[in-house]
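I opened this entry to keep track of what I looked up, one topic at a time. The structure comes first, and my notes follow.

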Amino acid sequence: MDFAIGVLILALGLVVSIALHEIGHLVPAKKFGVKVPQYMVGFGPTLWSRTIRGTEYGVKALPLGGYVRLLGMYPPSRNVETARARRNGRPTLVEEARQAALEELGPGEQHRAFYRLTVPRKLVVMLGGPVMNLLIAGVLLAVIVVGIGLPQFTSTLGAVQECVPANASQTECTDADPSSPGAAAGLRPGDDILRWGTTEVNAWDDISGAIADGGTGATTVVVDRDGERLTLQVTPQLAERPIVDEAGDAVVDPSGAPRTEPRPFVGIGPSFDLVRQPVTTVPGLVWDTFTGTVKVVATLPQRLVDVGQAAFGAEERQPGVVGLVGVGRFAGEIASVDGEGYGLVERSADMLSLLVSLNMALFVFNLIPLLPLDGGHIAGALWEGLRRRVARVRELPDPGPVDTAKMLPLTYAVVAVMLGMSALLAYADIVNPLSLTG
């Protein structure tokens, strides 16, 4: 039941995100006078609709997308093309699309066609949807960061080792191993470190830095234990410890064995908690999420090849791109997996993080300069603006709007590729799924 609730929550969040994306197109289009006969969330049979001021607003049965129908997306054909279509006895696919784009414009409404908008207004309309997804991602990130907090190591001890291991790879204490400096000094899990030597402690990095810089001399440590302030004496010992890189991964030698070095050792570890951040951290996190998503989209072809090999072959599926089925599985796991210290707040943060990722993916993916994506129309508007600017500089006649209808064959090919990609990801998410719990 919890798994199903998680999936439903994610589905609701996705539907709201799609609805807001389409509002991002709808509002500026109507503001600029474009005729908009339909605003729909979902596909398939209509479950509910209501017409307000000439626009039918509705919800359809399959919540897998949405659309706003803008009339006049394609300009009328030139006379030579119309004549060619008449000679052939039937209109071409491109000509049919042009007619369909204009047929609902009544007498005196030709000025309400989308293609008649200026280039800046076309850009505003087509960017409105993706930018709405970017705003949603930013707002949700702010809720997570400022309202809930980011997972971080804290200055409260989560573990105190019993001994000093004989080597860096040892995981269990033996009778021959001496007590760790932390255990010998009386440190306990749950102690909140207030000061380490002369260093006032605000975060775990303050403690680890003070230990590294303090050497093996006796150090005064002030802790808060259940509201009582205690002063303890800790004497670190030199011990072989693994060398890690900036990412926190172990550095290995040519044989693959972890490299070590002698460092001051106390035998303590931090606790892990959600720590609220100032709002000034949000723009940086939005940028990191954006650049990370761009890297995924840029390498999508290779990632899909890897997914296909894992789905139809013996290759192990690596963490990476997933489809809606996989994202739904993640949501179900977040809602249903039991774990100590993983309560409603932590689940909410992870669920919101999923929605952040989805909205950022919608933002980046929709900017790909291919029809039928928003980026294809944006590219067309930019090309139109460039052509007109060049014509003005060269004192040539206005070349008119870009005829994106000519790109329809490529558009259908892109749609076919997108459907194939969705089917591949859905199949892989079923037969060889990724899991948040391993």
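I looked up which element gives the most to the lining of the largest cavity, and I found H11, with 4 residues. The elements with two or more residues in that lining are helix H4 (119–148) and helix H11 (374–393), where helices (H or I, at least four residues) and strands (E, at least two) are DSSP runs numbered from the N terminus. I noted that the lining has 13 residues, and that Met73, Phe114, Lys122, His377 and Thr404 lie nearest the centre of the cavity. By class I counted 8 nonpolar, 3 polar and 2 charged residues; nonpolar covers Ala, Val, Leu, Ile, Met, Phe, Trp, Tyr, Cys and Pro, charged covers Asp, Glu, Lys and Arg, and the others, Gly among them, are polar. The volume of this cavity is about 110 Å³, and the structure holds 1 cavity of 30 Å³ or more.

For my own reference, the search runs on a 1 Å grid over the protein atoms alone: a cavity is a set of points where a 1.4 Å probe fits but cannot get out, a pocket is an open set with protein on both sides within 12 Å along at least five of seven lines, and lining residues have an atom within 4 Å of a point. Grid points are joined across faces, edges and corners, and a volume is the space filled by probe spheres set on the points.

I must keep in mind that this is a predicted model, in which local features need pLDDT of at least 70 and side-chain atom pairs count only at pLDDT 80 or more, while totals for chains, interfaces and linings use all residues. Residues are numbered from 1 along each chain as its sequence is written, and side-chain values use heavy atoms, with hydrogens and water left out.

Next I turned to the second largest pocket, which has a volume of about 490 Å³. Of its 16 lining residues, Trp204, Arg241, Arg263, Phe265 and Ile268 are the closest to the centre. Strand S3 (150–160), helix H6 (204–214), strand S9 (260–265) and strand S10 (268–275) each supply at least two residues of this lining, and H6 gives the most, with 4 residues. I recorded 10 nonpolar, 4 polar and 2 charged residues here.

I then checked Ala142, which lies in helix H4 and counts as partly exposed at 22% relative accessibility (buried is under 20% relative accessible area, exposed over 50%, partly exposed in between, with a 1.4 Å probe and protein chains only). Leaving aside neighbours within four places in sequence, Ala142 is in contact (heavy atoms within 4.5 Å) with Gly147 and Val282.

Last, I looked at backbone geometry. Most residues other than glycine have a negative phi, and most peptide bonds are trans. Leu371 and Pro372 are joined by a cis peptide bond, with omega about 10°, and Pro372 is found in the loop between helix H10 (344–366) and H11. Asp226 has a positive phi, near 55°; Asp226 sits in the loop between strand S6 (219–225) and strand S7 (228–234) and is exposed at 80% relative accessibility. Glu395, also not a glycine, has a positive phi of about 55°; Glu395 is in the loop between H11 and helix H12 (408–431) and is exposed, with a relative accessible area of 72%.
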